[in-house]
Amino acid sequence: MWPQVMEKDNTSSFEGFILVGFSDRPQLELILFVIVLTFYLLTLLGNMTIILLSALDSQLHTPMYFFLANLSFLDMCFTTGSIPQILYNLWGPDKTISYLGCAIQLYFVLALGGVECVLLAVMAFDRYAAVCKPLHYTVIMHPRLCGQLASVAWLSGFGNSLIMAPQTLMLPRCGHRRVDHFLCEMPALIGMACVDTMNLEALAFALAIFIILVPLILILISYGYIARAVLRIKSAAGRRKAFNTCSSHLIVVSLFYGTIIYMYLQPANTYSQDQGKFLTLFYTIVTPSVNPLIYTLRNKDVKGAMKKMLGKGGAEI
């Protein structure tokens with residue numbers, strides 16, 4: 001009777017997972033710890049600056065900066081939901097994560113990644129309206145529509161994760177606890193399963209079409225119309241202004257979609273763990289930290305707002 005009870009308790013109380021990460025390369029872990037911590041601090045500083053500027057400067061109370069502030073808030077949430085665990089695992093010998101911690105991490109990584117896909121498409125539509133419909137821009141992108149589009153982005157990402165995260169976590173793993181990754185990420189967790197995962201992969205691919213490919217197609221269509229409108233502008237100054245308006249967003253889209261498509265639109269059996277780890281590092285720490293830099297360096301309004309804020313601060317001192 002007693003052994004049976006013990007066995008039942010052991011199976012019902014799940015111990016969690018071991019995030020292997022780069023534990024086989026301890027010297028690399030120390031280097032990565034410094035790099036990840038540096039990028040994390042830059043992410044927090046840069047995105048917090050964008051949010052503050054968008055809120056405090058009246059000239060930035062426009063749809064473009066409303067969506068940019070959403071993107072900055074999203075990047076802060078995304079990195080804060082994953083990087084502290086990465087830093088903890090890189091710093092010491094303990095590589096464990098509780099089942100609940102893994103579930104929360106998986107849910108938010110999937111959700112916020114999905115939100116960014118849709119939000120980037122919304123931002124592309126905003127640029128299309130600004131370049132192709134300049135006279136009707138304020139009528140088209142009114143505050144209510146902006147709020148609705150932002151809500152669609154957030155609800156789409158969290159809705160997708162609400163479907164995929166439980167399905168991934170409930171896969172039988174036959175006692176396997178070692179995750180060959182430093183995050184509880186869907187491809188790595190699916191790869192641990194000891195059953196056929198074809199149906200789940202098909203579901204993931206179908207949802208990825210709506211969350212990843214459809215927004216990407218809408219972005220490409222928007223920029224097709226934008227390119228046609230820019231080519232019709234006769235003055236070089238006008239073309240340069242229109243290009244500068246859209247170039248920052250295009251760079252961010254390229255960085256984000258280049259990695260996310262590789263990660264989530266391929267079968268799990270072709271998934272390379274080492275490539276996956278470094279790509280995850282890239283879109284987890286690099287992309288969120290360079291987004292504010294891209295928008296700041298290539299945007300006169302943001303640079304002007306920053307100088308104004310720093311000037312006021314200097315004057316008060």
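Modeller: What follows describes the disulfides, then the remaining cysteines and the chain around them.

This is a predicted model, in which local features need pLDDT of at least 70 and side-chain atom pairs count only at pLDDT 80 or more, while totals for chains, interfaces and linings use all residues. Residues are numbered from 1 along each chain as its sequence is written, and side-chain values use heavy atoms, with hydrogens and water left out.

A disulfide here is a pair of cysteine sulfur atoms within 2.5 Å. By this rule there are two disulfides. One of them joins cysteine 102 to cysteine 184, with an S to S distance of 2.0 Å. This pair links distant parts of the chain, 82 residues apart: cysteine 102 is in helix α4 (residues 99-132), and cysteine 184 is in the loop between β3 (178-179) and α7 (186-191). Helices (H or I, at least four residues) and strands (E, at least two) are DSSP runs, numbered from the N terminus. The torsion about the S-S bond of cysteine 102 and cysteine 184 is about -120°, so this disulfide is left-handed.

For accessibility, buried means under 20% relative accessible area, exposed means over 50%, and partly exposed lies in between (1.4 Å probe, protein chains only). Cysteine 102 is buried at 0% relative accessibility, and cysteine 184 is buried at 1%.

The other disulfide is formed by cysteine 174 and cysteine 194, whose sulfur atoms are 2.0 Å apart. Cysteine 174 lies in the loop between α6 (143-169) and β3, and cysteine 194 in the loop between α7 and α8 (198-232), so the pair ties together parts that are 20 residues apart in sequence. The torsion about the S-S bond of cysteine 174 and cysteine 194 is about 80°, so this disulfide is right-handed. Cysteine 174 is exposed, with a relative accessible area of 57%, whereas cysteine 194 is partly exposed at 33%.

When the bonded cysteines are numbered in sequence order, the pairing is 1-3, 2-4.

Cysteine 132 is partly exposed, with a relative accessible area of 22%, and cysteine 146 is buried at 5%.

As for the setting, the protein has eleven helices and three strands. From the N terminus on, its elements run α-β-α-α-β-α-α-α-β-α-α-α-α-α. Of its 317 residues, 46% count as buried. With contact meaning heavy atoms within 4.5 Å, 79% of the contacts between residues at least 6 apart in sequence join residues at least 24 apart.
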